[in-house]
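Reader: I would like to learn how to read the inside of a protein model, and I would be glad if we could go through one together.

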Amino acid sequence: MRIEDPKIVAALPELGVELRPGSSLAELTSLAIGGTTDLLRIRKHEAIPELLKLLDANCVPHKFLGGGSNLLVKDGELPWVVLQLVAPGPDVVLDGNFAHVDAAADLGRTVTYCAKNDLGGMEGLIGVPGTVGGALRMNAGAYGMQIGTYVREVKLYRAAERKIETLSGDQISFEYRHTSFAPNDMMLAVTLELPSKSFKEILQGIRICNEKRRSSQPLGQKSAGCIFKNPPGASAGHMIDELGLKGLSVGDARVSDRHANFFVNAGQATAKDMHSLIADVKERVHKAFGMELENEVVFWSA
Ligand SMILES: Cc1cc2nc3c(=O)[nH]c(=O)nc-3n(C[C@H](O)[C@H](O)[C@H](O)COP(=O)(O)OP(=O)(O)OC[C@H]3O[C@@H](n4cnc5c(N)ncnc54)[C@H](O)[C@@H]3O)c2cc1C
């Protein structure tokens, strides 16, 4: 979708929003799949209510992009624009055991910065790509920990009320790869409370997690992490592996040879290829185990 109305184009710089026309989502996502649209880069949180009012009034639909590491985006000219926050100057500010973090901050750099200041707890998240906002949206976690445990406050744009609000951690429920935020809410900043630990001790934990990832995940390949959530008491990856589906392909979309719940773009995979592969694997797992796998990866299809 292209923003061509001169009224909107002129209003964007006044709101501190940068327009990048014709951006390729294949270049902005870790799966390297997706079509083209206008990208709006937001520099000031305060501008968001006005920006959304402007887009809605002119019937410009939008989606919200973090780091693009958990997305499968449709091909071709996309029927919505994409909004993305730009990280401000210092995107992590520490105050004792509290870390005040902008949602656009890179998750890995945030974990490392906190670690260097003797704040731990998030070692498991070290290899998770994307932004802190993306991690909050789906309560990212690994190796027995999840970001929600440390959340004390979230500043967000509440789509229903059309305003920016702050919620305390106990007003939000964080479950396995699920949160109580409304679908159109935008996380803008978070306060985390992290346990004190020596950098040396945190580094040890980080090294263990890194080693686990290196030995089990296709890290050099284009993927969106795990495609499916693990059903209660089961492992999606183990079920797919048991069915001998590693290496199964549709075009260049392929079930990783290293980790059966990672589907990789081995070349020029299209969204259609990846969707067919996901549907095929889902059906086979359902037939063999009677379990309906739920997507962990977010589809931007409509
Ligand atoms: C190699 C690899 C390993 C991975 N390992 C893990 C893992 O161990 N554990 C894990 O949980 N995940 C893992 N992931 C998945 C992914 O990295 C995480 O889900 C990450 O938190 C997504 O963040 P993002 O900023 O990239 O979100 P995006 O992919 O940009 O967006 C995902 C969804 O979140 C929404 N969103 C993003 N930012 C915001 C915001 N500020 N406010 C509101 N909504 C927002 C988007 O609209 C979209 O619906 C892995 C991915 C890869 C490629």
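Reader: Which residues is leucine 192 in contact with, leaving aside its neighbours within four places in sequence?

Author: Contact means heavy atoms within 4.5 Å. By that rule leucine 192 is in contact with Asn97, Phe98, Ala99, Val101, Met122, Ile147, Tyr150 and Val151, once its neighbours within four places in sequence are left aside. Please keep in mind that this is a predicted model, in which local features need pLDDT of at least 70 and side-chain atom pairs count only at pLDDT 80 or more, while totals for chains, interfaces and linings use all residues. Residues are numbered from 1 along each chain as its sequence is written, and side-chain values use heavy atoms, with hydrogens and water left out.

Reader: Which residues touch the most other members of the largest nonpolar core?

Author: A nonpolar core is a set of buried Ala, Val, Leu, Ile, Met, Phe, Trp, Tyr and Cys residues joined through side-chain atoms within 4.5 Å, where buried means under 20% relative accessible area (1.4 Å probe, protein chains only). Here the largest such core has 35 residues, and Met122, Leu125 and Leu192 touch the most other members. A second, separate core of 24 residues includes Leu72, Ile278, Val285 and Val297.

Reader: In what order do the five strands of the open sheet lie?

Author: Strands are DSSP runs (E, at least two residues), numbered from the N terminus, and two of them pair if DSSP finds at least two bridges between them. The order is β6-β7-β14-β10-β11, with antiparallel pairing, and the edge strands β6 (92–95) and β11 (163–168) each pair on one side only.

Notes
Buried < 20%, exposed > 50% of the residue type's maximum accessible area, 1.4 Å probe, protein only. Helix = DSSP H or I, 4+ residues; strand = E, 2+ residues; numbered from the N terminus.
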